[in-house]
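Dear colleague,

I am handing over the structure that follows, together with some notes on what was found in it. Please read the notes with the model open beside you.

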Amino acid sequence: MNCSDVIRERRSIRKYKEQVTIPQEDFEKMLEAAMMAPSACNTRPWEFFVITNRDTMDRLQEAHPYTSMLTTASAAIVVCGRPDLQEGKCGPYWPQDCGAAIENLLLQAKDLGYGTCWCGCYPAMDRVEKIQEILNTQSIPVSIVAVGVADETPAARGGFDPDRVTYIR
């Protein structure tokens with residue numbers, strides 16, 4: 001699939017085929033793509049938790065009210081920010097940097113044949129703190145990404161809107 005097709009065919013998937021195992025090499029490809037994202041001063045202020053343990057995924061669902069799709073997903077990838085890696089450098093751009101990494105992850109997953117759903121955590125601090133406790137981390141959970149083989153084909157939502165563009169020439 002070419003880049004343009006991947007971008008236009010990616011959807012937020014909320015229903016997955018159950019009991020599908022994602023190979024380690026596919027996780028590594030998704031994470032490599034995520035880590036290829038740009039970041040302020042190349043600080044790469046992120047870390048990733050790949051969760052396939054059903055009990056932990058259930059606990060994540062309890063901590064985040066909008067993650068019901070984890071019931072059928074094969075995995076959850078929690079993308080966390082590391083603001084400590086930008087202290088005294090180019091400024092606190094870790095939320096944007098993590099967002100770029102998440103989008104790369106979503107697109108690579110689509111190219112590999114997986115569906116995903118991006119569930120935001122930060123800046124909802126109640127979610128952040130609960131997820132930090134589950135993962136035993138000080139890094140800041142920015143999102144939970146559900147990953148699996150899609151068991152639905154939602155229609156596209158969104159697209160080009162010329163009313164939201166101003167050209168200054």
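In which helix does Cys3 lie? Cys3 belongs to helix 1, which covers residues 3–9, where helices (H or I, at least four residues) and strands (E, at least two) are DSSP runs numbered from the N terminus. Before going further, please note that this is a predicted model, in which local features need pLDDT of at least 70 and side-chain atom pairs count only at pLDDT 80 or more, while totals for chains, interfaces and linings use all residues. Residues are numbered from 1 along each chain as its sequence is written, and side-chain values use heavy atoms, with hydrogens and water left out.

To return to Cys3, its relative accessibility of 55% makes it count as exposed; buried here means under 20% relative accessible area, exposed over 50%, and partly exposed in between, with a 1.4 Å probe and protein chains only. Cys3 and Gln108 are separated by 105 residues in sequence, yet their C-alpha atoms are 9.6 Å apart in space.

The record comes next. UniProt, in an unreviewed entry, places the feature "domain: Nitroreductase" at residues 7–63 and 95–148; its positions are given in the numbering used here, feature names are shortened, and annotations may be inferred rather than shown by experiment. In the model, residues 7–63 are 44% helix and 11% strand, with end C-alpha atoms 30 Å apart, and residues 95–148 are 54% helix and 28% strand, with end C-alpha atoms 25 Å apart.

Leaving aside neighbours within four places in sequence, Thr116 is in contact (heavy atoms within 4.5 Å) with residues including Arg11, Tyr16, Leu106, Val145 and Val147. Thr67 sits in the loop between helix 3 (54–63) and strand 2 and is buried, with a relative accessible area of 1%; not counting residues up to four places away in sequence, Thr67 touches Leu60, Gln61, Cys119 and Ile144.

Some backbone details in the loops deserve a look. The peptide bond from Tyr122 to Pro123 is cis, with omega near 10°, and Pro123 is placed in the loop between strand 3 and helix 5 (125–135). Arg44, in the loop between helix 2 and strand 1, has a positive phi of about 50° although it is not a glycine, and Arg44 is partly exposed at 34% relative accessibility. Asn136, in the loop between helix 5 and strand 4, likewise has a positive phi, near 55°, without being a glycine, and Asn136 is exposed, with a relative accessible area of 73%.

Turning to charged pairs, side chains of opposite charge can pair when their charged atoms come close. With a salt bridge taken as a side-chain nitrogen of Lys or Arg within 4 Å of a carboxyl oxygen of Asp or Glu, the count comes to 2 salt bridges. In one, the side chains of Arg82 and Asp84 meet at 2.7 Å, N to O; Arg82 is partly exposed at 24% relative accessibility, and Asp84 is partly exposed at 38%. In the other, the closest N and O atoms of Arg164 and Asp161 are 3.8 Å apart; Arg164 is exposed at 74%, whereas Asp161 is partly exposed at 30%.

Finally, Tyr167 is found in the segment after strand 4 and is exposed, with a relative accessible area of 58%.
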